[in-house]
Amino acid sequence: MARKKVTILALQEKKARGEPITMVTAYDYPSALAADRAGLDAVLVGDSLGMVVLGYDSTVGVTMEEMLHHCKAVRRGTQFAYLIGDLPFLSYQADRAEAVRNAGRFLKEAGMDAVKLEGGREMADTVQAIAAAGISVVGHIGLTPQSAGKLGGYRVQGRTAADAQRLLDDARALEAAGAAMLVLEMVPDRVAGRISQQLRIPTIGIGAGRGCDGQVLVLHDLLGMFDRFTPRFVRRYAELFPQMERALAEYCADVTAGRFPAAEHAFPMDDAEWAAWVDEEGPHPSPSPALRERE
Ligand code: KIV
């Protein structure tokens, strides 16, 4: 069957059929192309890009312009996957009208299919306003990195009965407000499983166990491209950072030792043209080793 562009309806139908939804983050054209070719259902342009691509200490400093810039590149690399852009910190918390306008920019300017925002019931009115503007919204509860400071760090959420109930209430409030999907981050697997069962909309887990309707991982974590730390919930499918470092060191050594470029990397010039030019101009004042060899 010919592959079709994934829609929110298709993702919701996957939940109904009990088929896991696959999602990964991507931040640029090549990673989006790879994710799309690999058959992922959805690609999230997460504000995690602040840490794994831009080298910030947290996601708090990420701006709207940075998000849109990366979303546009991901859009160009994606044909099929459902695309979600992360609303960055303070682009939706202060003012509802501003939240709608900023959410709209992800669709109008960057070609995203949906936006994601962090927070529970306190964000329900904002989710409702964005959804009422015709924009699909993905919620995000549990560990919410934009407010990690307030949560006391990157910690598991919902470990006590009271906290688990609060998460379930948040999830219900977001669903009632019109959220189309919900990310559950660093939540005990039993809690995430129960929330997933109680909701009609799909849940996507990250560090939330197998009971969610789908899974998402940060691309740089799963490919081994981010060496500052690896959360316990990550499975690494490759170790690309050491490979990159090795390849770059080899290139550096080859250029230094004159082993690169080799003859096959150079463009030849016709002998007669060369002779005509050198006769006229005289020899090159300081021929490079490669030119000397050819002469
Ligand atoms: O920014 C991000 O990558 C995310 C995922 C961790 C879900 O929000």
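Pro261 sits in the loop between helix H11 (240–256) and helix H12 (271–281), where helices are DSSP runs of H or I with at least four residues, strands are runs of E with at least two, and both are numbered from the N terminus. The peptide bond leading from Phe260 into Pro261 is cis, with omega near 0°. Most peptide bonds are trans, and most residues other than glycine have a negative phi.

This is a predicted model, so local features need pLDDT of at least 70 and side-chain atom pairs count only at pLDDT 80 or more, while totals for chains, interfaces and linings use all residues. Residues are numbered from 1 along each chain as its sequence is written, and side-chain values use heavy atoms, with hydrogens and water left out.

Leu90 is not a glycine, yet has a positive phi of about 70°; Leu90 belongs to the loop between strand E3 (82–86) and helix H5 (96–108). Met186, also not a glycine, has a positive phi of about 50°, and this one falls in the loop between E6 and H9. Met186 counts as buried because its relative accessibility is 15%; buried means under 20% relative accessible area, exposed over 50%, and partly exposed in between, using a 1.4 Å probe and protein chains only.

Now the overall picture. The protein has 13 helices and eight strands, and 43% of its 295 residues count as buried. Its C-alpha trace spans about 85 × 45 × 35 Å along the principal axes. The radius of gyration is 25 Å, whereas a compact globule of 295 residues would come in near 19 Å; that radius is taken over C-alpha atoms, and the globule rule is 2.2 Å times the number of residues to the power 0.38. Take the contacts (heavy atoms within 4.5 Å) between residues at least 6 apart in sequence: 58% of them join residues at least 24 apart.

What surrounds the ligand? Its shell is made up of Thr25, Leu44, Gly46, Asp47, Ser48, Asp86, Lys116, His140, Val183, Glu185, Ile206 and Val218, each with a heavy atom within 4 Å of the ligand. By class that is four nonpolar, four polar and four charged residues. Here Ala, Val, Leu, Ile, Met, Phe, Trp, Tyr, Cys and Pro count as nonpolar, Asp, Glu, Lys and Arg as charged, and the others, Gly among them, as polar.

| Side chain | Distance to a ligand oxygen atom |
|---|---|
| Asp47 | 3.0 Å |
| Ser48 | 2.5 Å |
| Asp86 | 3.1 Å |

The protein covers 96% of the 260 Å² of accessible area that the ligand has on its own.

Next, strand E1 (residues 21–25), which holds Val24 and Thr22. Val24 is buried because its relative accessible area is 5%, while Thr22 counts as partly exposed, at 33% relative accessibility. Leaving aside neighbours within four places in sequence, Val24 is in contact with Ala35, Leu40, Ala42, Val43, Leu44, Val216, Leu217, Leu219 and Leu222. C-alpha to C-alpha, Thr22 and Ile204 are 8.5 Å apart in space despite being 182 residues apart in sequence.

Ser31 is in helix H2 (residues 29–38). Why is Ser31 counted as buried? Because its relative accessibility is 12%. The Ser31 side chain makes a polar contact of 2.4 Å with the side chain of Asp28. Beyond its neighbours within four places in sequence, Ser31 is in contact with Ala26 and Leu219.

Lastly, helix H9 (residues 189–198), whose buried residues are Val191, Ala192, Gly193, Ile195 and Ser196. Their cover includes helix H1 (8–17), helix H8 (161–177), strand E6 (181–185) and strand E7 (203–206).

Technical notes. Polar contact = N/O pair within 3.5 Å; in protein donor to acceptor, adjacent residues only side chain to side chain. Areas by Shrake-Rupley, 256 points an atom, 1.4 Å probe, with all protein chains shown as cover.
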